[in-house]
Protein chains: 2
Amino acid sequence: MRRTVFYISDGTGITAETIGHSVLTQFGAIDFDTHRIPFVNDEEQAHGAVAKIRNAQASTGTRSIVINTVVEPALSEILATSGALMLDVFAPFIGPLERELDLKRESRVGQAHGLVDFQEYETRINATNYAMSHDDGIDVNYSDAELILVGVSRSGKTPTCLYLALHFGVRAANYPLTEEDLERQEIPQRLRAHRARLFGLTIDPQRLQQVRQARRPNSRYATIEQCRMEVAEAEKLFRREAIPVLSTTNTSIEEIASKVLSKLGINKHLY
Amino acid sequence: MRRTVFYISDGTGITAETIGHSVLTQFGAIDFDTHRIPFVNDEEQAHGAVAKIRNAQASTGTRSIVINTVVEPALSEILATSGALMLDVFAPFIGPLERELDLKRESRVGQAHGLVDFQEYETRINATNYAMSHDDGIDVNYSDAELILVGVSRSGKTPTCLYLALHFGVRAANYPLTEEDLERQEIPQRLRAHRARLFGLTIDPQRLQQVRQARRPNSRYATIEQCRMEVAEAEKLFRREAIPVLSTTNTSIEEIASKVLSKLGINKHLY
């Protein structure tokens with residue numbers, strides 16, 4: 001069984017797709033053919049979307065499903081003329097919120113998604129630059145870091161730092177544990193002053209071996225023995241030093257980022 | 001007027017917060033005090049969340065608002081005992097989808113958000129590594145790039161490449177235009193073979209000046225004259241070479257990323 005799904009938005013369509021993905025995974029028996037239609041913010045765009053939906057319905061012979069995050073009711077009405085099953089993300093919230101707050105919503109198309117203010121943009125960009133320049137642990141000054149991820153090579157530190165920067169504007173540095181650190185079972189001196197901001201990442205050795213093998217095939221670095229040794233020693237070190245730790249195996253980057261912030265008590269909001 | 005808002009999720013809470021942010025910006029007169037409660041995936045966690053909501057309501061004397069993306073109905077019922085205004089993101093979709101598909105949803109807590117498969121994770125991580133190692137334009141081999149962002153220094157190329165990698169798994173490289181390129185009004189030879197994958201970013205010169213000034217105060221690089229000259233020459237070059245172009249001024253990273261994919265006809269889905 002196959003269905004066509006359209007994620008339609010007056011912004012990027014990223015929110016619509018995220019929500020749609022969460023909902024549709026609950027109907028695993030269906031093969032969904034998904035399409036994003038972003039930046040539907042005038043009547044012409046809305047009619048264009050309707051034409052695409054009608055085409056899909058004509059060619060598949062089934063009703064399409066629309067996950068809609070367009071804010072303006074007049075545009076949603078146009079979209080509804082397609083005959084698709086309309087699933088509105090925001091519409092069901094507006095009535096209850098207006099009654100609860102005793103206030104009418106202000107219609108400002110696009111503002112919900114786009115047009116970020118300068119300060120927010122700056123914070124994200126600066127944090128991203130910070131993550132990129134504090135990535136390898138060499139010659140890095142950690143004094144400005146809001147948090148420091150510690151782990152063996154390829155345990156997931158870099159993408160997590162970048163995600164924290166891009167989405168939360170958090171200045172996240174990382175420190176790759178060296179064989180010397182693992183042998184000595186000590187974190188290096190220059191990290192000691194920042195102990196409260198350290199967070200350990202670990203990973204299943206077999207998974208680590210896969211990742212390293214893809215990166216440097218048939219190196220000592222990618223042998224299962226080396227991966228097992230490094231992970232075991234790193235986990236021992238985290239326990240010894242009482243550094244909180246999380247396994248990145250089977251965990252999405254979003255989930256790792258969210259858990260790290262939560263465990264370190266950093267209450268930053270999404271941009 | 002002030003209201004407390006809780007973003008509650010069985011996953012990271014990032015979807016709940018994104019949606020909540022979009023909805024709440026339509027009520028600009030209210031000062032919302034927002035909190036994320038992630039990983040509510042058992043009854044104990046749900047009761048813990050209820051206690052937090054009740055505390056907030058007792059201390060502020062107003063009803064709290066809950067934006068809820070918890071999938072399991074039994075847990076949502078517990079959350080509702082808090083007396084807060086419950087705004088369920090997924091619940092309104094389930095009935096219509098079950099009827100439309102003639103199928104019951106499968107209850108699998110957490111699956112909607114977490115536990116990504118190995119292949120997806122690999123694609124994102126590889127794309128992120130790719131973006132980081134193809135960032136400065138020096139000694140970069142562009143043959144593997146799915147797209148190449150071109151622009152003057154600080155026009156928004158790096159964060160956009162990282163966003164494309166982390167969210168869409170797209171291998172995005174970037175090339176910073178040099179003064180020589182601008183003078184010659186030509187893209188370098190090694191980019192010519194990839195012309196169809198080039199995308200230009202531009203930026204308002206005053207905004208560029210602000211960004212550069214923050215980075216290298218009082219340098220020639222950060223003068224308004226230099227910024228005006230570079231932007232004018234870059235825009236002229238994009239026209240000459242017929243490279244599609246987008247201004248990053250007042251545009252969020254999500255929006256830039258989404259528009260670039262859309263204009264280059266790359267139909268990648270979110271991870």
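Two residues are in contact if their C-beta atoms, placed from the backbone, lie within 7 Å. The exercises below concern a predicted model, in which chain A averages a pLDDT of 90 and 96% of its residues score at least 70. The predictor gives the complex an ipTM of 0.76 and a pTM of 0.78.

**Exercise 1. Determine how many residues of helix H1 of chain A are buried, and identify what covers them.**

Step 1. Take the cut-off first: a residue is buried if 20 or more other C-beta atoms lie within 10 Å of its own.

Step 2. Going through residues 14–24 of chain A, eleven of the eleven residues of H1(A) are buried, so the helix is largely enclosed by the rest of the structure. Among them are A:Ile14, A:Glu17, A:His21 and A:Leu24.

Step 3. The cover from chain A includes strand S1 (2–8), strand S2 (31–37) and strand S3 (65–68), while chain B contributes elements including its helix H1 (14–24), helix H4 (91–101) and helix H11 (253–264).

**Exercise 2. Describe the side of chain A that touches chain B by its elements and by its residue classes.**

Step 1. The contact takes 58 residues from chain A and 58 residues from chain B.

Step 2. On the side of chain A, at least two residues each are supplied by H1, strand S4 (85–88), helix H4 (91–101), helix H5 (118–133), helix H6 (157–168) and helix H11 (253–263). H1(A) gives the most, with eight residues.

Step 3. By class, the residues on this side divide into 29 nonpolar, 22 polar and seven charged.

**Exercise 3. Characterise the packing of H6(A) against H6(B) by angle, axis distance, handedness and residues.**

Step 1. Two packed helices are described by the angle between their axes and the distance between the axes. Here H6(A) and H6(B) pack at an angle of about 115°, and their axes are 11 Å apart.

Step 2. The crossing of H6(A) past H6(B) is left-handed.

Step 3. From H6(A), the residues A:Pro159, A:Leu162, A:Tyr163 and A:Leu166 meet B:Pro159, B:Leu162, B:Tyr163 and B:Leu166 of H6(B). The residues of this contact divide into eight nonpolar, no polar and no charged.

**Exercise 4. Classify B:Glu17 as buried or exposed, and locate its contacts.**

Step 1. B:Glu17 is found in helix H1 of chain B, and with 23 C-beta neighbours inside 10 Å it counts as buried.

Step 2. Once its neighbours within four places in sequence are left aside, B:Glu17 is in contact with A:Leu270, B:Tyr7 and B:Arg36.

Step 3. The C-alpha atoms of B:Glu17 and B:Asp33 are separated by 12 Å, the two residues being 16 residues apart along the chain.

Terms used: Residues numbered from 1 in each chain as written. Chains lettered and ligands numbered in written order. Predicted model: local features only at pLDDT ≥ 70, side-chain atom pairs only at ≥ 80, totals over all residues. pLDDT = per-residue confidence, 0-100. Buried ≥ 20, exposed ≤ 12 C-beta atoms within 10 Å, placed from the backbone. Helix = DSSP H or I, 4+ residues; strand = E, 2+ residues; numbered from the N terminus. Nonpolar A, V, L, I, M, F, W, Y, C, P; charged D, E, K, R; others polar. Axes fitted to C-alpha atoms, helices over the stretch in contact; angles between N-to-C directions. Left-handed = near helix turned anticlockwise from the far one by under 90°.
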